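My notes follow in the order in which I looked things up.

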There are 2 protein chains.
Amino acid sequence: MQLDLDLLYTWGAIAKEYKKGEIIFDEDGLANFYYQIVEGCVKMFNTNDKGKEFTQGYFFDGQSFGEPPLFIDERYPSTAMAFQDTRIIKLTKDKFLKILDEYPAIQKQFLNLMAQRIHSKAVTSKDIINQSPAFRILAFFNTRKKNKGGAPELVPFTRQEIANFTGLRVETVIRALGKMHVEKKIEIKNHKIYY
Amino acid sequence: MQLDLDLLYTWGAIAKEYKKGEIIFDEDGLANFYYQIVEGCVKMFNTNDKGKEFTQGYFFDGQSFGEPPLFIDERYPSTAMAFQDTRIIKLTKDKFLKILDEYPAIQKQFLNLMAQRIHSKAVTSKDIINQSPAFRILAFFNTRKKNKGGAPELVPFTRQEIANFTGLRVETVIRALGKMHVEKKIEIKNHKIYY
DNA sequence: CGGTTCCTTGAGGATGATCAACGAGGGTGG
DNA sequence: CCACCCTCGTTGATCATCCTCAAGGAACCG
């Protein structure tokens with residue numbers, strides 16, 4: 001899902017650069033803007049009392065994120081952070097909602113987007129809860145591989161990030177990856193993971 | 001979210017009774033209908049290879065369920081089962097989508113509903129993953145208590161159901177509940193839980 | 001009263017978390 | 001080019017927690 005940049009600018013949107021690691025919005029913060037990535041990558045995550053992180057998802061070029069609270073008057077359930085240097089275009093909540101009212105076709109696209117998100121969250125939950133480390137890791141790899149069954153591709157995540165997404169610890173991920181390599185479920189060359 | 005019954009019947013919807021335990025649709029099945037509960041309760045869940053169940057959610061009187069796949073041409077990520085004897089009204093996918101096209105106000109309501117669902121799934125994930133049994137259980141209780149902070153209410157779920165929702169085992173739930181009782185986080189009278 | 005479902009307890013085991021070191025690689029500045 | 005730093009990866013030992021298995025007990029209902 002991606003709104004036309006000209007349209008956004010016409011409605012008064014502004015672009016902003018976020019450095020890698022910079023926070024875009026905070027868990028429990030009020031939702032005042034629609035955000036769309038022009039270029040870069042954003043991570044949404046939670047942190048528990050013991051400081052352990054859980055990654056809710058990643059968003060890339062052209063994708064919007066953090067929309068649900070705009071529709072339902074809730075606070076953000078997670079924190080959003082620039083995962084790399086990222087250029088984001090933002091529009092105020094009320095103008096965004098006006099665009100939706102004005103263009104039913106766009107509203108429909110967002111409906112589809114929300115449906116897509118629910119679907120993938122349901123799949124992610126079921127893949128993480130009640131499952132072995134290897135299963136969780138493979139599920140994670142699968143969600144971000146387009147051409148399933150194709151040649152193994154480099155997995156562009158650190159072991160720590162894999163851990164954060166799967167709810168495991170780094171060491172557990174490393175040991176699981178080792179076993180998966182032996183079982184030929186993945187490739188590891190020079191510390192790099194291919195799947 | 002709930003569509004007007006007259007409207008549904010006008011468009012050719014039909015009502016159907018499901019006995020407790022009856023399957024309404026299966027994980028990986030095609031999505032051909034819009035479902036709305038007239039009276040009763042429906043549980044959505046997954047089962048892993050070892051037969052362990054994970055409850056994705058419960059739906060009650062007046063609520064619709066299983067909509068996302070209708071919008072995005074995906075299969076059901078979970079199974080839906082009547083949790084009690086339940087009367088459900090169903091409408092074919094194409095007619096449902098036509099209603100949305102015809103009534104932008106309804107489309108908007110569904111957009112809000114989907115946003116609500118994403119929000120609660122995000123909250124549920126963060127509450128379950130990386131947390132202690134007691135924390136998970138309390139989070140579960142909180143999601144289904146309207147008047148937070150009010151007098152303790154009877155929790156209408158068996159320990160097995162609590163386990164299924166929190167990704168724990170029955171025995172773990174029982175032991176955690178015992179400890180929570182001692183710590184006065186919950187009430188237990190005659191095996192019944194109050195929170 | 002008998003059957004069914006749900007709850008409870010204990011013992012033992014498996015698994016992932018934790019803690020503590022250390023190794024490898026890549027980039028930077030002297 | 002080398003020394004340094006910083007991030008990321010790795011390993012082993014130990015621990016805590018939750019799961020598993022097995023056996024009964026309690027509550028409820030026809």
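This is a predicted model: local features need pLDDT of at least 70, side-chain atom pairs count only at pLDDT 80 or more; totals for chains, interfaces and linings use all residues.

**Helix pair in chain B**

I started with helix α6 (residues 159–166) of chain B and helix α7 (residues 170–182) of chain B, whose axes come within 8 Å and cross at roughly 105°. That angle makes α6(B) roughly perpendicular to α7(B).

From α6(B) I noted Arg159(B), Gln160(B), Ile162(B), Ala163(B) and Thr166(B). They meet Val170(B), Val173(B), Ile174(B) and Leu177(B) in α7(B). By class, the residues of this contact divide into 6 nonpolar, 2 polar and 1 charged.

**DNA strand C**

Which residues come nearest to DNA strand C? Of the 17 around it, I wrote down Pro133(A), Arg169(A), Thr172(A), Arg159(B) and Ile174(B). The surface near DNA strand C draws at least two residues each from α7 (170–182) of chain A and from α6 and α7 of chain B. That surface has 3 nonpolar, 7 polar and 7 charged residues.

Sugar or phosphate, or bases? Of the atoms of DNA strand C within 4 Å of the protein, 63% belong to sugar or phosphate and the rest to bases.

I then took the polar contacts one by one.

- Arg169(A) has a polar side-chain atom 2.3 Å from a phosphate oxygen of DNA strand C.
- Thr172(A) also places a polar side-chain atom 2.3 Å from a phosphate oxygen of DNA strand C.
- Arg175(A) goes to a base: a polar side-chain atom lies 3.0 Å from a base oxygen of DNA strand C.

**DNA strand D**

I repeated the search for DNA strand D and found 18 residues surrounding it. The closest are Arg159(A), Ile174(A), Pro133(B), Arg169(B) and Thr172(B). Sugar and phosphate account for 66% of the atoms of DNA strand D that come within 4 Å of the protein.

Which helices supply this surface? I found α6 (159–166) and α7 of chain A together with α7 of chain B, each with at least two residues. By class, I noted 3 nonpolar, 7 polar and 8 charged residues near DNA strand D.

Again I went through the polar contacts.

- Arg169(B) has a polar side-chain atom 2.4 Å from a phosphate oxygen of DNA strand D.
- Arg175(B) has a side-chain N or O atom 3.0 Å from a base oxygen of DNA strand D.
- Arg175(A) turns up here too, with a polar side-chain atom 2.9 Å from a base nitrogen of DNA strand D.

**Sheet in chain A**

Last, I looked at an open sheet of 4 strands in chain A. I read the order as β2-β7-β4-β5, with antiparallel pairing. Why does one side of β2 and of β5 lack a neighbour in the sheet? β2 (23–25) and β5 (53–60) of chain A stand at the edges, each with a single partner strand, so one side of each is left open in that way. The twist averages 30° from one strand to the next.

Strand β4 (residues 41–47) of chain A and strand β7 (residues 79–82) of chain A pair in the antiparallel sense over 4 bridges. Met44(A) stands opposite Ala80(A) in β7(A).

Note on methods. Residues are numbered from 1 along each chain as its sequence is written. Chains are lettered from A and ligands numbered from 1 in the order in which they are written. Side-chain values use heavy atoms; hydrogens and water are left out. Axes are lines fitted to C-alpha atoms, for helices over the stretch in contact, and angles run from 0 to 180 degrees between N-to-C directions. Angles under 35 degrees count as roughly parallel, over 145 as roughly antiparallel, 65 to 115 as roughly perpendicular and the rest as oblique. Contact means heavy atoms within 4.5 Å. Ala, Val, Leu, Ile, Met, Phe, Trp, Tyr, Cys and Pro count as nonpolar, Asp, Glu, Lys and Arg as charged, and the others, Gly among them, as polar. A residue is near a molecule or strand if one of its heavy atoms lies within 4 Å of it. A polar contact is a pair of N or O atoms within 3.5 Å; within protein, one must be able to donate a hydrogen and the other to accept it, and residues adjacent in sequence count only if both atoms are side-chain atoms. Two strands pair if DSSP finds at least two bridges between them.
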